[in-house]
2 protein chains.
Amino acid sequence: MQSHLAPRKAGGIGAKDGVHTKMQVYRSLEERFARISSIEDAIGILQWDAETMMPEGAADSRSDQLATLKGLAHELLTAPDTGELLALADQDSDQLDDWHRANLREMQRIYLHASAVPADLVEASSRAVSKSELVWREARQTGDFALLLPHLAQVLALQQQIGQAKGQALELSPYDALLDSYDPGLRQATIDPLFAELGAELPGLIQEAQERQKEFSAIQPLNGPFPVDDQRRIGEQLMKAVGFDFRQGRLDVSLHPFCGGSTSDVRITTRYSEANFMSALMGVLHETGHALYEQGRPEAWRRQPVGLARGMSMHESQSLLIEMQACRSQEFVTYLAPLVRETFQGEGPAWSPENLHRILTKVEPGFIRVDADEITYPAHILVRYKLEKALIAGDLQIQDLPSAFNEEVRKLLGLTVPNDSLGCLQDIHWPGGAWGYFPTYTLGAMTAAQLFRAACQADANILSGLSKGDFTPLRAWLRANVHSKVSLMTTDQLLVAATGRPLTAEVFRTHLRERYLGR
Amino acid sequence: MQSHLAPRKAGGIGAKDGVHTKMQVYRSLEERFARISSIEDAIGILQWDAETMMPEGAADSRSDQLATLKGLAHELLTAPDTGELLALADQDSDQLDDWHRANLREMQRIYLHASAVPADLVEASSRAVSKSELVWREARQTGDFALLLPHLAQVLALQQQIGQAKGQALELSPYDALLDSYDPGLRQATIDPLFAELGAELPGLIQEAQERQKEFSAIQPLNGPFPVDDQRRIGEQLMKAVGFDFRQGRLDVSLHPFCGGSTSDVRITTRYSEANFMSALMGVLHETGHALYEQGRPEAWRRQPVGLARGMSMHESQSLLIEMQACRSQEFVTYLAPLVRETFQGEGPAWSPENLHRILTKVEPGFIRVDADEITYPAHILVRYKLEKALIAGDLQIQDLPSAFNEEVRKLLGLTVPNDSLGCLQDIHWPGGAWGYFPTYTLGAMTAAQLFRAACQADANILSGLSKGDFTPLRAWLRANVHSKVSLMTTDQLLVAATGRPLTAEVFRTHLRERYLGR
């Protein structure tokens with residue numbers, strides 16, 4: 001599909017005839033990307049609707065809508081003249097200010113990613129993923145890796161081809177090219193030493209933390225039921241405290257919590273259980289962290305590539321900063337304990353800040369990543385990172401995945417995986433075609449620790465604010481140093497500007513030792 | 001924007017080189033229209049969301065999304081090769097069956113409507129309408145016609161131009177061309193005698209009905225409050241009884257009730273008042289009639305033009321058939337009365353079927369169209385039809401609208417309009433650019449009467465079913481004779497096949513006399 005620009009003869013774009021001045025070339029690109037942004041916004045709302053509102057019988061029709069809109073966005077992006085316009089605008093970028101130049105750089109990156117992959121490969125991958133996700137749901141339930149194997153093998157083969165195609169266009173290795181899709185500028189060479197440093201410490205840290213736990217008296221359980229209406233009310237109250245703007249967003253219920261929606265309309269979801277309010281509440285705070293980033297994007301740039309969040313590591317850092325760094329801190333729990341006790345009319349020592357904090361920082365190695373605590377979670381990620389890297393590179397064969405997975409879990413978590421449902425079949429990422437995504441979770445945790453440390457050092461009111469449920473100082477620092485910067489700089493530049501150095505494992509390691517070993 | 005078909009050289013489309021067989025030409029059109037249908041489905045969900053779920057601060061962003069998607073659909077439809085493909089497919093239409101031929105005819109009609117209007121006229125009209133709607137909200141509140149006048153004059157001028165442009169392409173008068181946008185094949189020459197016949201009878205009928213009402217004892221009011229949860233429950237119960245499929249639809253709340261959503265996902269809304277359950281309940285039944293039509297469209301054709309509902313008169317006939325013909329019948333009210341009495345724990349003679357039926361058929365001339373009863377409603381439409389016809393033709397000047405409007409209301413309803421808020425400023429249609437829409441309401445009422453009469457004559461179980469709350473026989477007749485026919489035939493052909501004759505005013509007049517004069 002051609003763009004919305006009027007059709008013109010070959011060579012017409014660059015003609016220096018006064019019609020297409022340099023700024024007009026740039027403006028026509030802005031217009032095109034704004035259109036793409038609106039299509040993606042529409043997709044965001046339709047996907048939110050599918051998870052929260054849509055009647056079951058509408059699934060096929062919704063798939064048609066999403067496929068059509070995704071196709072249209074792709075066609076607009078990879079229109080024959082996009083590359084030409086980008087090259088032309090790039091020649092004259094000295095006329096542009098920092099924001100415009102950064103916008104052009106992001107346009108270029110997005111265009112390269114999209115145009116690198118031939119249409120038939122996109123389609124083949126999309127079809128393989130749909131099928132493989134379907135089979136995965138059954139395979140996970142029965143623990144039948146053999147059932148999934150042929151489909152997963154095909155998804156992997158197509159991911160390798162996509163990595164190669166993108167890698168060629170971006171001058172990157174296939175795995176780096178996949179990483180770059182989720183996190184611009186992220187490279188294996190950056191991750192390897194960070195994860196090696198963390199991996200060397202984790203098994204000992206996990207064991208020590210567990211031993212230290214045993215020295216305390218037993219955790220007092222919080223006994224429900226906790227009415228859903230009360231849970232929603234306190235969730236919304238804390239969302240407002242953190243800074244969620246309900247004029248441009250909503251909270252709803254879905255099977256799998258997420259942060260989605262569209263520009264100026266950020267929709268987060270949670271899932272309630274009457275037996276346990278803490279899990280939904282921490283989930284809401286996690287998604288609120290994501291939402292705060294989205295709502296903090298500068299108005300003027302929201303429909304342009306430079307106005308998008310900086311990548312998945314930075315996005316995850318914002319959710320983990322709110323959930324893990326801020327809301328599981330001693331300071332915040334002092335404020336939270338009486339609030340939840342009052343909300344749920346709790347009584348007794350189980351509702352003390354001390355007990356609540358111990359619930360929120362309990363360490364217990366388990367098989368399932370999404371149920372993991374702060375300290376064992378990175379171990380799950382290290383397992384997956386090592387294996388997907390090897391699979392993409394061809395150093396590990398897909399049929400050997402289960403044994404390799406179980407061996408890594410044994411090494412890092414000290415657990416013996418009893419079946420593949422609790423092992424390599426638990427996550428949707430690989431059958432779903434999201435290769436290169438897993439490391440961003442733990443890079444996000446590291447980034448969160450480093451940003452939070454810098455924030456607290458810059459403003460002493462941040463921690464004291466949290467002990468009163470006041471997020472204003474923290475939010476102001478995040479707005480100024482992260483949210484408002486969107487994609488103006490690279491991730492590294494942003495981190496250096498905000499914290500004085502690029503990403504390190506050190507601050508996160510220190511945080512874990514302080515919180516879980518008390519030193 | 002070009003279509004999603006690969007670009008090809010001029011003349012390539014028709015080349016008889018074996019690549020583009022006749023069937024392939026037709027199939028490529030089907031594919032294009034299916035894509036357009038998916039975009040329109042997405043628009044339907046986004047519009048529903050805007051009325052029911054969207055936070056207020058997202059309005060601008062949603063406007064961008066809708067404008068972008070509408071633009072994309074328009075560009076796909078009016079792509080340079082669409083006309084060529086249609087002409088080519090038409091040459092070979094002897095190879096196609098009835099459904100395919102009818103689909104081609106509908107494609108042609110939609111294409112002519114869309115391509116007849118130059119892009120700058122579409123845009124000018126869209127801008128004028130946005131502005132005019134905004135001013136209208138204020139003008140209606142204050143009754144200030146002068147405030148709206150310049151904007152309304154501009155909307156009218158642009159509607160005249162659109163009517164001329166479409167009229168030229170379709171070989172129709174401007175007003176007929178506008179009518180045809182909402183109701184394919186509808187012409188002023190058809191409406192004039194029908195409305196003249198009705199208009200001659202209405203004032204007398206309204207007066208007689210009121211006099212007859214006085215002969216009975218006073219209507220007993222139903223006293224609330226009626227809890228919203230109970231209202232929703234009984235609404236959903238009756239929706240199911242009528243045949244609404246909740247697997248492919250929802251019921252929600254919005255300020256202005258509507259039937260929207262998308263293919264296989266029909267979403268209706270209502271608005272509750274604790275003081276009066278009947279208005280919301282009848283509103284739900286009205287929208288359920290619309291929904292039943294949408295849900296009854298044949299699966300295989302839902303994304304093609306031939307699979308769309310036949311036009312606004314037929315659509316309105318389906319809502320009025322359920323609400324007015326079926327659900328305000330003596331038979332159904334016999335079933336409804338004990339049901340609502342039980343639901344709301346009502347007591348006393350106010351809850352008798354007789355009193356309920358009198359509430360549901362109360363006649364009282366008023367200023368506001370949307371509050372009008374079955375018998376005064378057509379008078380409101382006749383006023384608007386006469387005036388918009390004259391305005392489009394240039395026989396009435398826009399500044400003379402208020403006095404002309406008030407004069408017509410006096411003649412048909414016997415009322416003196418005290419201010420323009422209760423007069424020509426009450427409806428959004430004219431400032432909103434929906435000229436040629438009003439007559440479909442009363443044509444729908446006539447169609448409903450004619451279809452219902454034919455249905456009851458064809459199957460005696462229909463009326464006896466209603467007295468037991470059983471809509472199965474009625475639904476079966478509607479499915480067979482209306483819903484499943486979608487746009488396979490013209491409206492006239494459909495009516496002749498279903499009722500033995502084209503639309504007449506006679507059956508509707510008889511229905512009104514029977515119900516309101518008892519003869």
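A:Ile268 lies in strand 3 of chain A, where strands (DSSP runs of E, at least two residues) and helices (H or I, at least four) are numbered from the N terminus. The model is predicted, so local features need pLDDT of at least 70 and side-chain atom pairs count only at pLDDT 80 or more, while totals for chains, interfaces and linings use all residues. Residues are numbered from 1 along each chain as its sequence is written, chains are lettered from A and ligands numbered from 1 in the order in which they are written, and side-chain values use heavy atoms, with hydrogens and water left out.

With a relative accessible area of 0%, A:Ile268 is buried; the term stands for under 20% relative accessible area, with exposed meaning over 50% and partly exposed the range in between (1.4 Å probe, protein chains only). Contact is taken as heavy atoms within 4.5 Å. Apart from residues up to four places away in sequence, A:Ile268 touches residues that include A:Met239, A:Phe244, A:Phe258, A:Val284 and A:Ala291. Charged residues are also on the list, among them A:Arg250, A:Asp252 and A:Glu287.

In total, 40 residues of chain A are in contact with 40 residues of chain B. About 3100 Å² is buried between chain A and chain B, and carbon and sulfur atoms give 57% of that area; buried area here is the accessible area (1.4 Å probe) that two parts lose on being put together, summed over both. The rule finds ten salt bridges across this interface, each being a side-chain nitrogen of Lys or Arg within 4 Å of a carboxyl oxygen of Asp or Glu. One of them joins the side chains of A:Glu56 and B:Arg247, at 3.6 Å from N to O. Between chain A and chain B, 18 residue pairs are in polar contact, both residues at pLDDT 80 or more. A polar contact is a pair of N or O atoms within 3.5 Å; within protein, one must be able to donate a hydrogen and the other to accept it, and residues adjacent in sequence count only if both atoms are side-chain atoms.

On the side of chain A that touches chain B, the elements giving two or more residues are helix 1 (22–52), helix 2 (59–77), strand 1 (249–253) and strand 3 (265–270). Helix 2 provides the largest share, ten residues. In helix 1 lies A:Arg27, which is partly exposed at 40% relative accessibility.

Elsewhere in chain A, A:Glu201 is found in helix 8 (residues 188–215) and counts as buried at 17% relative accessibility. Its side chain is joined to that of A:Arg509 by a polar contact of 2.2 Å. A:Thr343, in helix 12 (residues 330–343), is likewise buried, at 14%. The side chain of A:Thr343 reaches the backbone oxygen of A:Leu339 at 2.8 Å.

In chain B, helix 10 (residues 277–295) has 19 residues and should span 27 Å at 1.5 Å a residue, which agrees with the 26 Å between its end C-alpha atoms; the expected span is 1.5 Å times one less than the number of residues.
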